[in-house]
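Visitor: Please go through this structure with me slowly, as I am new to reading models.
Guide: Take a look at it first, and then ask whatever comes to mind.
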Amino acid sequence: MHRPVRILMFLGLAAATLAILVSCSSDSEDTAADPAPTAAAEVAPKPDPTPTAVPTPSISLPITEETLKAPRIQGEGINEWINSEELILAELQAENKVVLIDFWTYTCINCIRTLPYLKQWHDKYADRGLVIIGVHTPEFDFEKSLDNVKEAVEGFEIKYPVVQDNNYWTWNVFNNRYWPAKYLIDKDGNIRYSHFGEGRYDETEQAIRLLLEEADQAVADISDDENPIRLVAPNALSSRSPDGLTRELYAGTSRNYSAVRSGTRTPYVLNEEFYTRGNTETEYTDPGDWQNHHIYLQGLWHNGEESLRHARMTEDYEDYMALRFNAVDVNVVLRTQSETPYTVQIRMDGEPLSSETAGPDIWFDDEGKSFITVDEPRLYALVRLDAFESHELTLSSNSDEFEIFAFTFGAYVVHPEV
């Protein structure tokens, strides 16, 4: 029998409720750089026996009677422009341009899943006066690296301008709190439409077309019914339920300790040892009885502000991180701090993944064991299922560079590739 997890009583977690969002957001009590836990996919409002397309609300025109003058996107806080020279909103306004500001960060799964739509809008409307500007505001410290951001922009085949906002300068002047977040600015420099998180792609495109028409740009000859299809698993319930979609799980002390201090939010790591002292190496014992929405540890780990790092070299993958998840897909943000890659063994329900359940980053050895190779700081795709299911997952590595930042989970059975 597993020993009881006393931290559940200490933190009052038994009755906690877990909000589902389609975006990463910042906590009301924390700084803008300290986002709150979120789930990573949109769920159908009423489950059906078969997958259905996510409904998109129709847009009423005009979009809004109220307008807000758009803040600047240039200033001392801007670090670098990618794919473009510096752009100034006042100059774009003088050119009769419509501007779509997209706040994103390259390891955010919610942001990644919006990229097919942004790239399509750029292809369709850039010649008709639409300027998309991706404002890359980092969630993790390694996302401040210009080389990392440039590599991500190239890897995602993003052609529109991207500005590096490492110090949250643009984020703060827009008073933004979400990844992804979209602000649509008309030819007069007014914010006429905004949307936070995934979804409402048809509505957003209709808003783009309306503002382009107001700017005397003809768009009637461009089809507006070509948005990629998204299908959500019908039984992906709200993560308010213990059986619902697993929320985003953060490994570092910053968000876990913040959750404990709040008295209302549930922390992610459920080992008691994690809460004795931060920024130190700690020997962990897996408490067992894994529950959805939480992380469990076995072995020696360094609990840092943003991440958990395996703190010793081993020989037989004896140290591990474990969780129970409810999802269609599982992703994890990892990094290596040297030029030497390391491998991570992935097991589901105590067994290697199969070719039918493995994510794109999985490879298999001669014995059929499943691994990923970590050679750069990014999001790695671990599990891809055909339906919304519940499983147990363990990640283990013999390397002392094995470092985990966050897990994200999805409920899409059909979603466009980036």
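Visitor: Which residue in S15 is the bridge partner of Thr280?
Guide: The bridge partner of Thr280 in S15 is Asn303. Before we go on, please keep in mind that this is a predicted model, in which local features need pLDDT of at least 70 and side-chain atom pairs count only at pLDDT 80 or more, while totals for chains, interfaces and linings use all residues. Residues are numbered from 1 along each chain as its sequence is written, and side-chain values use heavy atoms, with hydrogens and water left out.

Visitor: Which strand pairs with S15 over five bridges, then?
Guide: That is strand S14 (residues 280-284), which pairs with S15 in the antiparallel sense over five bridges. Strands here are DSSP runs of E with at least two residues, helices are runs of H or I with at least four, and both are numbered from the N terminus; two strands pair if DSSP finds at least two bridges between them.

Visitor: And how many bridges join S15 to S16?
Guide: Three bridges join S15 to strand S16 (residues 308-310), and the two run antiparallel. Asn303 stands opposite Leu308 in S16, and a hairpin through four residues joins S15 to S16. S15 also pairs with strand S17 (residues 320-335), again in the antiparallel sense, over three bridges, and there Gln298 has Tyr320 as its bridge partner.

Visitor: Why is S15 called largely enclosed?
Guide: Seven of the eight residues of S15 (residues 296-303) are buried, so the strand is largely enclosed by the rest of the structure. Buried means under 20% relative accessible area, exposed means over 50%, and partly exposed lies in between, using a 1.4 Å probe and protein chains only.

Visitor: New topic: how many residues of S10 are buried?
Guide: Five of the five residues of S10 (residues 181-185) are buried, so S10 too is largely enclosed by the rest of the structure. In a regular strand the side chains alternate between the two faces of the sheet. In S10 both faces are covered, with Ala181, Tyr183 and Ile185 buried on one side and Lys182 and Leu184 buried on the other.

Visitor: What does S10 pair with?
Guide: Strand S6 (residues 98-104) runs antiparallel to S10 and is joined to it by five bridges, with Ile101 standing opposite Tyr183. Five bridges also join S10 to strand S11 (residues 190-196), which is antiparallel to it as well. S10 and S11 form a hairpin with four residues between them, and in the turn Gly189 has a positive phi of about 85 degrees.

Visitor: What does Ala181 touch?
Guide: Leaving aside residues up to four places away in sequence, Ala181 touches Ile101, Asp102, Phe103, Asn176, His195 and Phe196, where contact means heavy atoms within 4.5 Å. Ile101 is 80 residues away from Ala181 in sequence, yet their C-alpha atoms are 7.9 Å apart in space. Phe196 is the bridge partner of Ala181 in S11, and Ala181 counts as buried because its relative accessibility is 0%.

Visitor: What kind of peptide bond joins Trp179 and Pro180?
Guide: It is a cis peptide bond, with omega of about -20 degrees, and Pro180 sits in the loop between strand S9 (178-179) and S10.

Visitor: Over to the helices: at what angle do H3 and H6 pack?
Guide: Helix H3 (residues 109-125) and helix H6 (residues 201-214) pack at about 25 degrees, with their axes 12 Å apart. Here axes are lines fitted to C-alpha atoms, for helices over the stretch in contact, and angles run from 0 to 180 degrees between N-to-C directions. H3 and H6 are therefore roughly parallel to each other, since angles under 35 degrees count as roughly parallel, over 145 as roughly antiparallel, 65 to 115 as roughly perpendicular and the rest as oblique.

Visitor: Which residues in H3 and H6 meet?
Guide: Arg113, Thr114, Tyr117, Trp121, Lys124 and Tyr125 in H3 meet Tyr201, Thr204, Glu205, Ile208, Arg209 and Leu212 in H6.
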